[in-house]
Amino acid sequence: MAPTACFNCKEARAVIIRPKNRHKLCRACFLVVFETEVHETIIGTNLFYPGERVAIGASGGKDSTVLAAVLKTLNERYGYGLDLCLLSIDEGIRGYRDDSLETVKRNAVQYDMPLEILGYGELYGWTMDQVVAQIGKKGNCTYCGVFRRQALDRGAAKLGIKHVVTGHNADDVAETVMMNLLRADLPRLSRGTSIVTESGASDIKRSKPLKYAYEKEIVLYAHHRQLDYFSTECIYSPEAFRGSARTLIKDLEKIRPSSILDIVKSGEDMAALVPQEVNQGGRKCGSTVAAEDDVGGCGSQNGRTSGGEMAAMEKELAENESAESRETEIRLPKGQSLNVSQQKVIKKQTLGHCERCGYLSSQRICKACNLLDGLNRNRPKTAIEVSVGMEDEESSSTLMRQMERTQLTNS
Amino acid sequence: MSDGTKGAAGPSIPITVEFTGGLELLFGNERKHKVSLPACMDDGNPTNIAYLLPYLVDNLMQDQRKEMFIMEGNVRPGILVLINDADWELEGEETYELQPGDNIVFVSTLHGG
């Protein structure tokens with residue numbers, strides 16, 4: 001086959017077909033076009049201000065590595081004046097995070113950015129290995145997600161930084177849209193699509209500058225710039241609901257590549273139509289949602305258990321937390337957004353501090369502490385009781401006492 | 001390193017196959033593999049990518065989960081194929097006829113960080 005010329009420069013050999021428009025580009029043009037589109041997203045959404053200090057949530061994976069590389073390039077090219085640093089979370093999963101943290105350490109040198117690593121062990125007294133040993137693999141992603149969100153916030157707070165960017169890409173957003181569509185969760189769908197999530201208070205702002213970037217192009221960008229990234233599969237991640245949504249997205253992309261951005265666009269349009277009653281009634285789950293949807297590096301990999309246990313957990317979390325002021329209003333049409341702010345003044349939760357850990361929370365006890373409570377309560381107990389679950393604690397203790405008595409009687 | 005001429009007489013084509021983005025985990029955690037293929041397939045036509053795919057599964061893949069790489073006879077959606085750094089769609093996908101010294105890269109987009 002004769003080489004195809006680049007659509008852009010008409011000279012060099014095309015090596016890439018862009019999923020969004022099927023344009024055939026050479027390596028050099030592709031890199032510039034990719035960077036320029038991220039730049040346009042940043043400018044179009046007023047994502048940063050000059051001199052802003054920004055922490056890049058870095059996992060060592062392709063998305064966060066590309067994000068760091070592109071932000072560094074754009075910061076220099078367009079003079080954003082950003083003060084960039086890398087923020088990594090060590091979940092404490094042996095054989096998974098250790099290698100990727102080594103990658104992040106190399107990235108810190110390559111991009112000349114300071115790096116902060118924060119571990120679940122030091123933050124919560126529980127590594128994910130220990131959590132899984134306690135509760136099993138099922139449902140552990142909930143813990144990891146809640147812990148990670150707080151960990152990123154705490155890391156940013158520690159560094160005195162108010163803005164954390166994550167490497168979520170268009171495929172991730174499309175997956176989230178599909179998942180929330182499939183479980184009829186419009187409020188969550190609406191939050192998942194917005195580029196910025198932040199609370200009304202002085203909390204830390206989150207954003208995803210790669211929201212419109214195809215995963216395919218992110219991988220190709222990393223390949224053609226020969227970026228140093230690490231790929232792995234979380235050893236605890238079950239391929240459940242998100243896994244299916246992911247497969248569906250990839251299958252659709254194969255048949256019709258523009259599907260992914262179209263789903264993102266549909267998600268945004270639907271978000272704009274979500275009536276405020278829906279957002280405010282029933283489930284209130286601002287930061288819970290964010291914790292789950294914003295799961296940093298392994299977000300795209302984490303499956304979910306679709307069982308009742310998980311639903312119960314989500315429900316409990318949802319009831320405990322109400323912070324929808326965080327992330328809805330951005331995409332709403334004018335008329336509605338006025339309405340929103342009025343309602344919010346009335347309904348707004350006062351943001352206080354968790355009584356346990358002092359972390360910013362709209363509840364007396366923050367979600368992480370709630371989860372920790374459950375973990376700590378079970379810590380000294382035997383494996384038998386752990387597997388029974390919390391509701392059955394009473395009866396299983398009784399059962400154990402009965403067994404003890406039986407043994408005594410027997411002897 | 002494997003040398004798989006399958007005992008066929010006649011000329012062979014040496015190529016390099018790379019697995020990245022997490023795919024290397026399926027291939028003995030080795031990224032680069034030197035492979036030598038017969039110049040012609042059983043039907044007498046020049047060896048192409050369609051021949052290479054099952055060859056890799058049978059000869060290089062160490063993981064049992066074949067479907068992680070090949071699904072329904074084709075490369076699993078989400079895995080990119082680059083022929084000498086170009087998207088294989090630009091080169092005719094499975095019909096591309098391998099040339100000596102070709103570099104074929106399989107990159108997974110499905111793995112996380």
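In this predicted model, the largest nonpolar core holds 112 residues, of which Ile56(A), Leu87(A) and Ala174(A) touch the most other members. Helix α6 of chain A, spanning residues 140–159, supplies the largest share of this core, with eight residues.

Leaving aside residues up to four places away in sequence, Ala174(A) touches Ile249(A), Ile260(A), Ile263(A) and Val264(A). Ala174(A) also belongs to the contact between helices α7(A) and α11(A), where Ile260(A), Ile263(A) and Val264(A) are among the residues on the α11(A) side.

Two packed helices are described by the angle between their axes and the distance between the axes. For helix α7 (residues 170–182) and helix α11 (residues 259–273), both of chain A, the angle is about 55° and the axes lie 8 Å apart. On the α7(A) side, the contact is made by Ala170(A), Asp171(A), Val173(A), Ala174(A), Val177(A) and Met178(A). The α11(A) side consists of Ile260(A), Leu261(A), Ile263(A), Val264(A), Ser266(A) and Gly267(A). By residue class, the contact of α7(A) with α11(A) comprises nine nonpolar, two polar and one charged.

Between the chains, 18 residues of chain B are in contact with 33 residues of chain A. On the chain B side, the elements giving two or more residues are strands β6 (86–87) and β7 (103–108). The residues of this side divide into five nonpolar, nine polar and four charged.

Conventions. Residues are numbered from 1 along each chain as its sequence is written. Chains are lettered from A and ligands numbered from 1 in the order in which they are written. This is a predicted model: local features need pLDDT of at least 70, side-chain atom pairs count only at pLDDT 80 or more; totals for chains, interfaces and linings use all residues. A nonpolar core is a set of buried Ala, Val, Leu, Ile, Met, Phe, Trp, Tyr and Cys residues joined through C-beta atoms within 7 Å. A residue is buried if 20 or more other C-beta atoms lie within 10 Å of its own, exposed if 12 or fewer, and partly exposed in between; C-beta atoms are placed from the backbone. Helices (H or I, at least four residues) and strands (E, at least two) are DSSP runs, numbered from the N terminus. Two residues are in contact if their C-beta atoms, placed from the backbone, lie within 7 Å. Axes are lines fitted to C-alpha atoms, for helices over the stretch in contact, and angles run from 0 to 180 degrees between N-to-C directions. Ala, Val, Leu, Ile, Met, Phe, Trp, Tyr, Cys and Pro count as nonpolar, Asp, Glu, Lys and Arg as charged, and the others, Gly among them, as polar.
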